[in-house]
Amino acid sequence: MGRNRILAVIPAYNEQDNIVSTIEDLRKCAPGIDYVVINDGSKDRTLDICKERGYNYVSLPVNLGLAGAFQTGMRYAYEHDYDYAIQFDADGQHSAAYIEEMVKVAQRAEANIVIGSRFATQKKPISARMAGSVLISAMIFLTTHKHIQDPTSGMRLFDKTMIPLFANELDFGPEPDTISLLMRWGYKVEEMQVEMRERVAGESYLNFTKSVAYMLRMSISILLVQWFRRKK
């Protein structure tokens, strides 16, 4: 990875059962990168564990949700002048073993964003769970004429030009509608095949009801709302 400084941004809400294994995976499989845990107002022992183990963390006094926690991490990356920042889940689903290759893909393809995709080279399964992903992929293709096979993947690498946008703009969340918008503005997005684990413990940001609302909101945003946003 050369001299590039890379930061793993780890939003964490009630991840006391997963945060240790997540950090140990980073230390073992990606020892050359830094990390910051964003404790998003957790009600369990997530913060206590970070303190006890000496993890690098920022603790938010209230739960801001994924967008707010991620922006906090990107602000950290911006203020500390990192070359790349990777969105990395605290629930153990992401594998740090892919981070180095994602950076290489970004460099080879001169990509601004690299998505760790479950479906870059593998077929997307047909299921109710995948219906939302299929819908969002279709909306992105309609508006950008480019295929993103795994738009809801939470494992995304951002280069130095992306960091200040996500750090400073309130309407830049780590969501498919923002990715679609950036593609329309001419930024380059690549996908790289990764394998993801199932969550074994803890609380997801999205339950079933929130997931349905999320898919509908993303589709409307991609089709309509994003067209009224001005390029930064």
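Q: Which residues of α3 are buried?
A: They are G65, G68, A69, F70, Q71, G73, M74, Y76 and A77; buried means under 20% relative accessible area with a 1.4 Å probe and protein chains only. This is a predicted model, where local features need pLDDT of at least 70, side-chain atom pairs count only at pLDDT 80 or more, and totals for chains, interfaces and linings use all residues. Residues are numbered from 1 along each chain as its sequence is written, and side-chain values use heavy atoms, with hydrogens and water left out.

Q: What do the buried residues of α3 pack against?
A: Their partners are β1, β2, β3 (57–60), β4 (84–87), β6 (156–159) and α6. Contact here is heavy atoms within 4.5 Å, and the elements are DSSP runs, with helices (H or I) of at least four residues and strands (E) of at least two, numbered from the N terminus.

Q: How do you know that the span of α3 agrees with its 15 residues?
A: The expected span is 1.5 Å times one less than the number of residues. For α3 that should be 21 Å, and its end C-alpha atoms are 21 Å apart, so the two agree.

Q: Which residues does M74 touch?
A: Leaving out residues up to four places away in sequence, M74 touches V9, A85, F158, I163, F166 and A167.

Q: Why is L142 called exposed?
A: Exposed means over 50% relative accessible area. L142 has 54%, so L142 is exposed. L142 sits in helix α5 (residues 128–144).
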